[in-house]
Amino acid sequence: MLEVRNLTQRFGGITALEDISFNVTKGEITGVIGPNGAGKTTLFNIVTGIYAQTSGTVHLEGKDISALPAEMLAAKGLVRTFQNIELFGNMTVLENVMLGLHTQSRSGILSCMFKAPWHLKEERNIREIASEWLEFCDITDLADQKASNLPFGKGRMLEIARAMAVRPSIMLMDEPAAGLNNRETAELATLIRKIRDKGVTVVLVEHDMELVMDICDRIIVLNLGRKLAEGTPREIQENQAVISAYLGEG
Amino acid sequence: MFSKHREIFKFLSLVLVVLITPLLVHEGYLLNVLIFVGIHTILSLALNLLLGYAGQISLGQAGFFGLGAYISGILTTTHAINPWIAMLAAATIVTTLAFFVGFPILKLKGHYLAMATLGLGIIIYIVFNEAVDRTGGPSGLSGIPNLSIAGYTFNTDLKNYYLIWTFTLVAMGLSLNLVHSRIGRALRAIHDSEVAARVMGVNARVLKVQIFALSAGLSAIAGSLYAHTMTFIAPASFGFNFSVELVTMVIIGGLASIYGSLLGAALLTVLPEMLRAFQDYDIIVYGLLLVLMTMFMPGGLVKGIPELFTSIRARATRKVKTDA
């Protein structure tokens, strides 16, 4: 599904990632964990086309996506969420999700200005599909709220609804449980499983170990820019190198 | 969420006001001011699409306005081309030019973009002054014909008023459609979080360039209208000061608001007429206005005035309660 091959990233003299390789299996939930500064977010930023890597490749379903910029990846079925949720604050909740359908609509500037009939039909269609994703994430009642007025937990749900609207085959989530309370984290776990059951492969970076061990099928551990271990939650919990990396840090 | 019926009602009320105003205003001087309000509304609308919605500054709008005026003026005077075709040519040339210039320029952000567009505006201004053979240089270009339809010539203030305002209302209507569409959403998304918009598949770079080109083209149409209404143009109307004035109109009226563009344009066109007595000090009044607006009404008049009313009403009800 997603193959990362010999990925290296240097910022000036600092090596953020060194020779990282792993595979993400279709239909699974994969967790990427590691102490702070391990390079998890950098890895996400490279895979999602926000940074250009120093060397190495990323393949999505067999196709090389290494050189593609962020805006090209949505159409390829790859989408992400952000650690500090990135919502469109001045737009309503529904409009945020409607934007997720941008790549599935075609109307250009002129047909929008002159309200061409196909544009109006498309607009109705987008609105309908967006409402379904609000329903999926259980935030229908907030549809007309301004996104910047949402409490953090609901904002997270909205970000996921918006990402789902892109109709991704793979979703990368950067610390989805950060800033959530216990109840919200439990809801998030249910939602992530629901996303997987929709056939979307999920990769998440997460610090909440309980959540990771609970929902992930496979876990990749990074430490100081290198891959330390990879395996099932049980294997990782018993891995001596992982334990010492975490305890060493604390 | 914008309600469709309210939106239509608001627009129709505006159309009505535009239609009946000349019945109340007979004086040629006032009609002339209103013609300028119309032209300035188109210009601040064009800038607002770029600045208010896409969040990209342009300090070269007066240049595009001038290009529209000069292309129209030169084609009709020197080459005796029909004014309508000249207007179409002006819009097409300027849109295309802005599209190609936009690609390198809009890679820049913030101050750098401001500098680049400022430079562009100044280059255009210098061309107006120096290409004396074609533009007439600093003394200007005169004898530009009025627009006419099937023998009906727009040669009085009243006729021009209706002509200009027809264009203004159409531009406003089309802009309203645009900002409530997928393109409008994408623009606002770029403004709020460019990285998230890109991840959702919005090609921010191309969209910004497209809006820049649209904004320039719309300004060129305003320029062409200006040339054919005034029948005389000179470089002084298209300088850097006017670009700044346009930015002030957009900010005072309200960023990302179509009606705000109208309010800002109206205020900044009528105010100087009232400030004639102060002569050269009017620039101080502008500056003060801009500072006060950003301090107390960052959303511009269009958001600030309703907020003012709500807070006055809230204070009034509180007073009633304490009195009782």
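Mentor: Let us start with the core: a nonpolar core is a set of buried Ala, Val, Leu, Ile, Met, Phe, Trp, Tyr and Cys residues joined through C-beta atoms within 7 Å. A residue is buried if 20 or more other C-beta atoms lie within 10 Å of its own, exposed if 12 or fewer, and partly exposed in between, with C-beta atoms placed from the backbone. This is a predicted model, in which local features need pLDDT of at least 70 and side-chain atom pairs count only at pLDDT 80 or more, while totals for chains, interfaces and linings use all residues. Residues are numbered from 1 along each chain as its sequence is written, and chains are lettered from A and ligands numbered from 1 in the order in which they are written.

Trainee: Which residues of the largest nonpolar core touch the most other members?

Mentor: They are Ala161(A) and Ile42(B), in a core of 170 residues. Helix H10 of chain B, residues 204–230, gives the most to this core, with 16 residues; helices (H or I, at least four residues) and strands (E, at least two) are DSSP runs, numbered from the N terminus.

Trainee: What is Ala161(A) in contact with, leaving aside its neighbours within four places in sequence?

Mentor: Two residues are in contact if their C-beta atoms, placed from the backbone, lie within 7 Å, and on that basis Ala161(A) is in contact with Val97(A), Trp133(A), Leu134(A), Phe136(A), Cys137(A) and Ile139(A).

Trainee: Why is Leu225(B) called buried?

Mentor: Leu225(B) has 27 other C-beta atoms within 10 Å, and because the cut-off is 20 or more, it counts as buried. Leu225(B) is found in helix H10 of chain B, and beyond its neighbours within four places in sequence it is in contact with Ile39(B), Ile164(B) and Phe167(B).

Trainee: What makes H1(B) roughly antiparallel to H7(B)?

Mentor: Two packed helices are described by the angle between their axes and the distance between the axes. The axes of helix H1 (residues 4–24) of chain B and H7(B) come within 10 Å and cross at roughly 170°. Axes are lines fitted to C-alpha atoms, for helices over the stretch in contact, and angles run from 0 to 180 degrees between N-to-C directions. Angles under 35 degrees count as roughly parallel, over 145 as roughly antiparallel, 65 to 115 as roughly perpendicular and the rest as oblique, so H1(B) is roughly antiparallel to H7(B). Phe11(B), Val15(B), Val18(B) and Pro22(B) in H1(B) meet Leu158(B), Tyr161(B), Trp165(B), Leu169(B) and Gly173(B) in H7(B). By class this contact has eight nonpolar, one polar and no charged residues, where Ala, Val, Leu, Ile, Met, Phe, Trp, Tyr, Cys and Pro count as nonpolar, Asp, Glu, Lys and Arg as charged, and the others, Gly among them, as polar.

Trainee: How many residues does each chain give to the contact between chains A and B?

Mentor: The contact takes 24 residues from chain B and 33 residues from chain A. On the side of chain B that touches chain A, H8(B) gives the largest share, seven residues, and the residues of that side divide into 13 nonpolar, six polar and five charged.

Trainee: How do you know that S7(A) pairs with S8(A)?

Mentor: Two strands pair if DSSP finds at least two bridges between them, and strand S7 (residues 170–174) and strand S8 (residues 201–205) of chain A pair in the parallel sense over five bridges. In S8(A), the bridge partner of Ile170(A) is Thr201(A). On the S6(A) side, four bridges join S6(A) to S7(A), and these strands run parallel.
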